[in-house]
Amino acid sequence: MSQAPALVLDFGGVISRTIFETHDLSEKALGVPRGTLTWPGPFAPEQDPLWQAMQNDEISERDYWLTRAKQVGELVGENWTTMQQFVQAVRGNDVMAVIRPEFLATIDAAKKAGYQLAILSNELDLFYGKDFRKQCAFLDDFDLIVDATYTEILKPDPRAYQLVTDGLGLAAEHCVFVDDQLRNIRGAEAVGMQTVHFNVMQPAASYQQALELLANEGEHHD
């Protein structure tokens, strides 16, 4: 267990701008009037009861997005039964337009520092579709991608995080895990990972925190 420490990232709102942040792009792609999509998720939880229900563990994240997919599908006369149909409709044409520049800068810095890179996602291909990956050249920089679309082990199940540590050959404490969902952060902490609860309203600060933790871990590793 002597390899370099690892930056382990959720996909969703950590790597890409959230669906909530890109309602204007979604409306344009769907051909609906600006301001049609009004659910704000974490940006104004009090205005999104469905989001609050998810945060309270009354429904799952998948339930939340399936409901939104159905609602948006109805707006454009489509019977969407999967999140993938929704995501491909609103994000299929220009994937890189929604990737966070802070993310690209961070993985560049992490690579130059010699850290390992991993993704731990509950629904990468389930939500985005396999073709989405082909548009993301940056995925080639990752040492490991664990996607519950295939493993069927969802965060915060401890086994999900173990798939990362086993795959990288690292002890949990040498991993810095970044996710925007608190339940997933708590799951990572429970298995001994260092964590950053990603703030979608302050992405640069969250990534800076992750790099600082990695730098400290790297010093201890030397």
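User: In β3, which residue is the bridge partner of Ile 119?

Analyst: This is a predicted model, where local features need pLDDT of at least 70, side-chain atom pairs count only at pLDDT 80 or more, and totals for chains, interfaces and linings use all residues. Residues are numbered from 1 along each chain as its sequence is written, and side-chain values use heavy atoms, with hydrogens and water left out. Strands are DSSP runs of E, at least two residues, numbered from the N terminus. In β3, Ile 119 is bridged to Ile 145.

User: How many bridges join β2 to strand β3, residues 144-147?

Analyst: Two strands pair if DSSP finds at least two bridges between them. β2 and β3 run parallel, and the bridges joining them number 4.

User: Which residue of β2 is the bridge partner of Leu 7?

Analyst: Strand β1 (residues 6-9) pairs with β2 in the parallel sense, over 4 bridges. In β2, the partner of Leu 7 is Leu 117.

User: Are the faces of β2 covered or uncovered?

Analyst: Side chains in a regular strand alternate between the two faces of the sheet. Gln 116, Ala 118 and Leu 120 lie on one side of β2, and Leu 117, Ile 119 and Ser 121 on the other. Every one of these is buried, meaning under 20% relative accessible area with a 1.4 Å probe, protein chains only. Both faces are covered.

User: How many residues of strand β2 are buried?

Analyst: β2 spans residues 116-121 and is mostly covered. The buried count is 6 of its 6 residues.

Technical notes. Buried means under 20% relative accessible area, exposed over 50%, partly exposed in between (1.4 Å probe, protein chains only).
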